[in-house]
Amino acid sequence: MGRIAVAVIVSFWVIPISILVNRVVPEPYMDEIFHVPQAQQYCKGNFKSWDPMITTPPGLYYLSLAYVASLFPGMLTVKAVSFFDVCSTAVLRSTNGVLAVLCSIILYEIITYLRPALDDRKATLQAVVLALYPLHWFFSFLYYTDVASLTAVLAMYLACLKKKYLFSALLGAFAVLIRQTNIIWMIFVACIGVINITLAHRRIGAEVNENHVSERKNDFLTSTSSISVGSNLRKRKSGKAVDKDDISIRSTSSFSATQTSGLLGEIQDIILTSWHMKWGILVSFCPFLLALLAFIAFIHWNGSVVLGAKEAHAVSPHFAQIMYVSLFSVLLSPPLHITFGQVATLLQSFWKNRPLSFFQWLFALTVGLLTVHFFSIAHPYLLADNRHYPFYLWRKVIKAHWSMKFLLVPLYVYSWFSIFGILGRTQRKIWVLVYFLATAATLVPAPLIEFRYYTIPFYFLILHSDNTDNRHWLLMGVLHMSLNIFTLMMF
């Protein structure tokens, strides 16, 4: 019932606002001037045509072709039209509207899988609030790759959580066909899958061993009692008949507060267990490896990660992106953050003679990246055109007042500590490290400051938070709706 409610609620705003947007802006807007004509060329069957200004692969256009093909028979019953006529700007935009509804259902499925104890109402609320995330919400009404990219990545993650690794890898390959940077998130999902499998295997082994020791002790103490022996045999049978499929990955994706092993210990455990399970892991995750090899072959053939406008989108290290994504994610998330007192306590440990924790080492890395950025060479350009929010924030605030660059440093530090605190309550240290590396690998090579690039890291952060307070989620929903209404008015 929950997934139906989510789909209906999201449809209630997708349909009317899509109609409104198409009436106010019927012609291609912003980057639609590239995507819409390219998709229409595909609708004509001209698959050899390619706009050299488009940097992303044609995954969205193939998806639109399938979508338009599903609508075409119905269009014929209304009036005689050609296939190309159906590929109007409005119809192509509606591809993302449909994907937005599908994405909300996937969000609901992930939430209920990760939090099986959560009731339907709370899961529905959380899925609906996440569907209101401004950068996802706004592009649900335009013909961009963002909604399709997020939907494919989340579907890949859900399939991996449910141990459908071949299907997950196929979804990952399609996600890369929509946007190249999704190769990082495909690797992230595969890594999380391996971590979950190895930890679940170790958990099974520990439980079986514990049951076996307990049974031997019971046998020794109650060997003269036939009743106890009979009971003990039943225990032994239940202890040995452990089914691996019954051990849910959910139990390993959540971090227990009683676990005190360090990062190095977790890495060592995973490496050793993976070696013992190497053939099973290789068989399960071979499709991910094949997709990665195909991507590497594509880069070698193409000579670059991007397809078009290669000079304007050359890879250029931009370490400050890690700062921007942390602050942006914290500002748009519910009040899940650690307090300033906790930040002060963590900072004080730097002045004391004791080993640094995993999170403190990540903090030190963050400060190091900031230092590198401040003394780095300026990029050719950092901003999109003046129809993007980063343009105004940078020109009117940060660039206009140079001191803001340095005054924001404490907020960057606080933001990353908040993110580490959020994830550290539910995930193992190795999970947090993999998330940090995936986020950095996605954003650092991009010189352009664009909030749209922060969408996938934001969703993975919030999906793995432990906040189930309805008030906090309602607060985030109000914040997102306010930003969406403001954006729509500006639009």
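What percentage of the 491 residues in the protein chain do buried residues make up?

Author: This is a predicted model, and buried residues make up 49% of the 491 residues in its protein chain. The secondary structure comes to 23 helices and zero strands. Among contacts with a separation of 6 or more, 79% are between residues 24 or more positions apart. The chain exposes about 24,200 Å², and carbon and sulfur atoms supply 68% of that area.

Now to the salt bridges. The structure holds seven of them. One of these joins Arg3 and Glu109, whose closest N and O atoms are 2.5 Å apart. Arg3 belongs to helix H1 (residues 2-24) and Glu109 to helix H5 (residues 89-114), so this pair ties together parts that are 106 residues apart in sequence. The two partners can be set side by side: Arg3 counts as partly exposed, at 39% relative accessibility, whereas Glu109 counts as buried, at 14%. Glu109 falls in the buried class because its value is under 20%, the cut-off for that class.

Glu109 also meets the side chain of Lys162 in a salt bridge, at 3.9 Å from N to O. This pair, too, links distant parts of the chain: Glu109 is in helix H5, while Lys162 is in the loop between H8 and helix H9 (165-178), 53 residues apart. Lys162 is partly exposed, with a relative accessible area of 36%. Taken together, Arg3, Glu109 and Lys162 are linked in a network of salt bridges.

Helix H8 (residues 146-161) has 16 residues and reaches 23 Å from its first C-alpha to its last, close to the 22 Å expected at 1.5 Å a residue. H8 is mostly covered, with 16 of its 16 residues buried. Lys163, which follows H8, has a positive phi, near 65°.

Another salt bridge brings together the side chains of Arg425 and Asp466, at 3.1 Å from N to O. Both partners are in loops: Arg425 in the one between helix H20 (409-424) and H21, Asp466 in the one between helix H22 (455-463) and helix H23 (470-490). They are 41 residues apart, and the pair links distant parts of the chain. Arg425 counts as partly exposed at 37% relative accessibility, and Asp466 is partly exposed with a relative accessible area of 36%.

The charged end of Lys278 sits over the ring of Trp275, 4.3 Å from the ring's centre. Arg452 lies over the face of Phe139, at 5.4 Å from the ring centre.

Elsewhere, Tyr42, Phe47, Trp50, Tyr61, Tyr62 and Tyr143 form one aromatic cluster.

How values were computed:
Residues numbered from 1 in each chain as written. Predicted model: local features only at pLDDT ≥ 70, side-chain atom pairs only at ≥ 80, totals over all residues. Heavy atoms only, no water. Phe/Tyr/Trp six-rings, centres within 6.5 Å; stacked < 30°, edge-to-face > 60°. Lys NZ or Arg CZ within 6 Å of the ring centre and 35° of its normal. Helix = DSSP H or I, 4+ residues; strand = E, 2+ residues; numbered from the N terminus. Buried < 20%, exposed > 50% of the residue type's maximum accessible area, 1.4 Å probe, protein only. Contact = heavy atoms within 4.5 Å. Areas by Shrake-Rupley, 256 points an atom, 1.4 Å probe, with all protein chains shown as cover. Expected span 1.5 Å × (residues − 1). Salt bridge = Lys/Arg side-chain N within 4 Å of Asp/Glu carboxyl O.
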